Amino acid sequence: MLNSIDDAAVVSVDGRPPVRVLLLALESRHISSCRLPAAFAAAGAVVGALAGADSLMFRSRHVGARFTLSDTLNARCLLAQLEHAIAAFAPDVLVPCDEHTLWFLDHCRAGGGRLGLAALSPGLTACLTRSLGRLDTLPARTLKPLTQRLARAIGVRAPPDILVATPDEARAAARQIGFPVVAKRPRSCGGGGVRICRTPAELDEACALWLRPTSLWRRLKARLRERDWMAPPLQLSVQPYIEGRLAVTCAAAIEGRTLGVLSAVAERRARDILPADVLAYVARPDLVAASAALVAAFGASGFVSFDFLIDGNDDAWLLECNARPTPILPFGARAGLDLVGVWLKALAEAPCGEGAGPLPTVREETRVALFPQALMPGPPDAALRAIWQGVPWDEPALLRALLVQLRTARRQGAGLTPPGSPAPEPPAPAPSARSR
């Protein structure tokens, strides 16, 4: 489905035609990506979206051109629908909005024309290259062990790791490192696929869950249905546990040249392995330098995000790369850096060499409570009400959809509501934190 958009109704920036941005989301209920249309539209872009019919992104009033994905994980079907959207919308750039989208794009890059997939069209190849930079480095951005090993090779601090494929190898690695250890799947997202193992028994549980071989029939069926791109490698990365505080960055780049970096530290997390729901934007030159070094090593374009851990000595350790926009991007203007606007302006201008002077980064330290994530643990207390909350008051349809997500998360978290029974309405967000 396509809702046409009138380019003449879009105001150009500085006399330049607006950049056409296609947002691609394979995860329909991805909460943070549904805030991206507003951020891109506010920066002057023409926004299109390719997503599932029930995607939260389609609740945003800022999506002008809508392409609906069919309910399938078949790689050939998904690729055909992506090719159609590229041909119909003619975007200048494509922005992947979640991990599944990145895994799919890397599968198409690696297997197009060889694994039963059609080869990528010249138009899609050119768009992906403009949008993501060097496509051959996508595995290093999406596989955690490869990211950390590249980081160590270029002088960015990252924990040592041992890649294992069996429970026996995992136990041997843990004995070598010493408990507690962190067990990570090479591909995971949203805190899934990561466990802090303080005892051998906890490590055995992680191995039983993630190193369990899939039957030959199930692997064959997934291959025949062209859904095997979803399957992560049957490996675990075992590394030492580092006590510290989560920090996150988001860099905007063109062909390995960093244009600016947002950096923030976690003020609150529901659990150690989960993303932050309250963030404080801060200026951290060490995080900016590490992010820019990795972007250059990737030869990346677009938005590339990183998770770090700040230890007791205030040293930053790279944990992983999220090669997409993360929740800190849409609210960067509150910290003095509209990174979306910086990127779109650079895309519209003539190519230039390395920028002179320091990279644009956070200018105003500020705190943001992500909505609805910050309210999922329960009603806001006085401390949370005092923090600015990123509530989309100007998008009623999106706000209603996010309140449904909040209600569902609370019901599942509390475990008090029997299946099939009506759930209580969640309380309205704190009026004192209302966006203006």
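Q: What makes D98 a cap of the N-terminal end of α3?
A: In this predicted model, a side-chain oxygen of D98 lies 3.3 Å from the backbone nitrogen of H100. A polar contact is a pair of N or O atoms within 3.5 Å, one able to donate a hydrogen and the other to accept it; residues adjacent in sequence count only if both atoms are side-chain atoms. Local features here need pLDDT of at least 70, and side-chain atom pairs count only at pLDDT 80 or more. Side-chain values use heavy atoms, without hydrogens or water.

Q: How do you know what span to expect of helix α3?
A: The expected span is 1.5 Å times one less than the number of residues. Helix α3 (residues 99-111) has 13 residues, and its 18 Å from first C-alpha to last is close to the 18 Å expected.

Q: What makes α3 mostly covered?
A: Of its 13 residues, 11 are buried, that is, under 20% relative accessible area with a 1.4 Å probe, protein chains only. Among them are W103 and F104.

Q: Why is T147 called buried?
A: T147 counts as buried because its relative accessibility is 0%. T147 belongs to helix α6 (residues 144-153). Beyond four places in sequence, its contacts (heavy atoms within 4.5 Å) include F298 and L318.

Q: Why do β5 and β7 count as edges?
A: The open sheet runs β5-β8-β6-β7 with antiparallel pairing. β5 (162-164) and β7 (194-197) each have a single partner strand, so one side of each lacks a neighbour in the sheet. Strands pair if DSSP finds at least two bridges between them; β6 (residues 181-184) and β7 have four.

Key
Residues numbered from 1 in each chain as written. Helix = DSSP H or I, 4+ residues; strand = E, 2+ residues; numbered from the N terminus. Buried < 20%, exposed > 50% of the residue type's maximum accessible area, 1.4 Å probe, protein only.
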